[in-house]
Every structure is written in structure tokens, then in C-alpha cells.
Amino acid sequence: MTQCSPLDGASHNAPPPVTRQGYRNAMARLGAAVNIVTTDGPGGRHGFTASAVCSVTDSPPTLLVCLNKGSSAAGPVHANGVVCINTLAAGHEPLSNLFGGRTPPDERFASGTWHMGATGAPMLVGAVVAFDCRIVRAVEVGTHDVLFCEVIGVAEGGSDESLIYYDRRYHTLSGPTDD
Ligand SMILES: Cc1cc2nc3c(=O)[nH]c(=O)nc-3n(C[C@H](O)[C@H](O)[C@H](O)COP(=O)(O)O)c2cc1C
């Protein structure tokens, strides 16, 4: 395939390399739901905020989560082999920041109300939806592990307002009203 400039169609110069910062700036324009990914088991209880979550397939129901290999949650997540993906609701910004900062795990779970899912991973009461999963595969890509997570249980929360991260800020997206 030939590469050409989208502006004049005549240049065959290679496009300039995409820098790390350029990529990050571009990704800031890709809005995403905010989730707290939790785990518990022999590796201990832990959790982290993640926007890199998306569906892979409904047969079998599978999500993927991208986890920074250097984060403090990485060891426990791999050791436990289970996660619960809790999709955050309006008003959960402080919880998102707590799980996205350099806070010890027990301090993170001191906020919010947590139930134990079937896998043992903590499930957030008041999440928009929660996916209880076991990790079936992990693929290393650069700084991150892509975790393929088979969904073994789903719990829908009461909130119809989802927390979105876009343009490096939180936003709220409302669901359908009753009228
Ligand atoms: C809105 C938001 C989205 C994030 N998304 C991800 C993500 O998808 N994957 C990831 O590994 N870290 C993500 N992070 C960063 C982790 O939550 C953060 O690195 C981790 O909780 C803190 O790491 P530490 O426990 O090593 O201090 C996100 C943080 C925020 C605030």
C-alpha cells in the first residue's frame, strides 16, 4: 500500500513518528467510561481505576482490560486471576481519584460500600454495572498487560448516570428518562 499525504495526495514522504505525548493528546479526545477494577484472593485485595476497558465478544462473554505492568495492583491481579469491573456512576469522581492515585489498597477500600462477588473480587454497591470475571488470558504489549476477562456474573446498579473521562476531565452521561 502506498502512503500519501491526505492534503495534496502527491507527497510520498513518510509521516512523522507519533510521539508518546502526541499519542496521549490524541487519546484524550477518545471519551471512555471510568471503571474501578478490583481483585481479591491469595495475592491480596487491590483495585485500580481504568478507562481502558472494552468488550471483546459476547460468546463467551469477554471483556478486556489494559493494566499497567508497573502499577501496585499488577501483582495481586495476576496472583488472584479474578477481577470485578465496576463501572462508575455520577458522583464517583473522588472514588476514581482514590483508586487512580498512589494510595495504599486498604485506604482505597475504606471509601464506598463493597460486596464480595462470586469470584471473591469486591463489587461496588452503586456502580452503574459490575462484571465479575476470571482472567482467561494475558498478553503483554509495551508497558501494559491486556487482560482477557471472561464474565461469569453481572450486577446492574441503580444509577442511570455514567461517569465518563474525556479531555482529561470527568463528565456525566445520562441514560433514558422514564417519560
Ligand atoms: C481516569 C483514569 C483512568 C485510568 N485508566 C487506567 C487504565 O486503563 N489502565 C491502567 O493500568 N491504569 C489506569 N489508570 C491509572 C491507574 O488507576 C493508576 O496507575 C493506579 O491506580 C495507581 O497506581 P499505583 O497503585 O501503582 O499507585 C487510570 C487512572 C485514571 C484517573
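**Close-up views of the open sheet and its helix**

**View 1. V37 and F48 form a bridge pair.** The bridge partner of V37 is F48, in β3. Strand β2 covers residues 35-39. β2 and β3 pair in the antiparallel sense over five bridges. Two strands count as paired if DSSP finds at least two bridges between them. Strands (E, at least two residues) and helices (H or I, at least four) are DSSP runs, numbered from the N terminus. This is a predicted model: local features need pLDDT of at least 70, side-chain atom pairs count only at pLDDT 80 or more, and totals for chains, interfaces and linings use all residues. Residues are numbered from 1 along each chain as its sequence is written.

**View 2. Seven strands make an open sheet.** The order is β3-β2-β6-β9-β10-β5-β4, with antiparallel pairing. β3 (46-50) and β4 (53-58) stand at the edges. Each has a single partner strand, so one side of each is left without a neighbour in the sheet. Neighbouring strands of this sheet are turned by 30° against each other on average, direction ignored.

**View 3. Helix α3 packs on the sheet.** The helix spans residues 93-100 and touches β2 and β3. Contact means C-beta atoms, placed from the backbone, within 7 Å. The direction of α3 makes about 115° with that of β3. Axes are lines fitted to C-alpha atoms, for helices over the stretch in contact; angles run from 0 to 180 degrees between N-to-C directions.

**View 4. The protein chain as the setting.** The chain has four helices and twelve strands. Its C-alpha atoms fill a box of roughly 60 × 45 × 35 Å, taken along the principal axes.

Technical notes
Contact = placed C-beta atoms within 7 Å.
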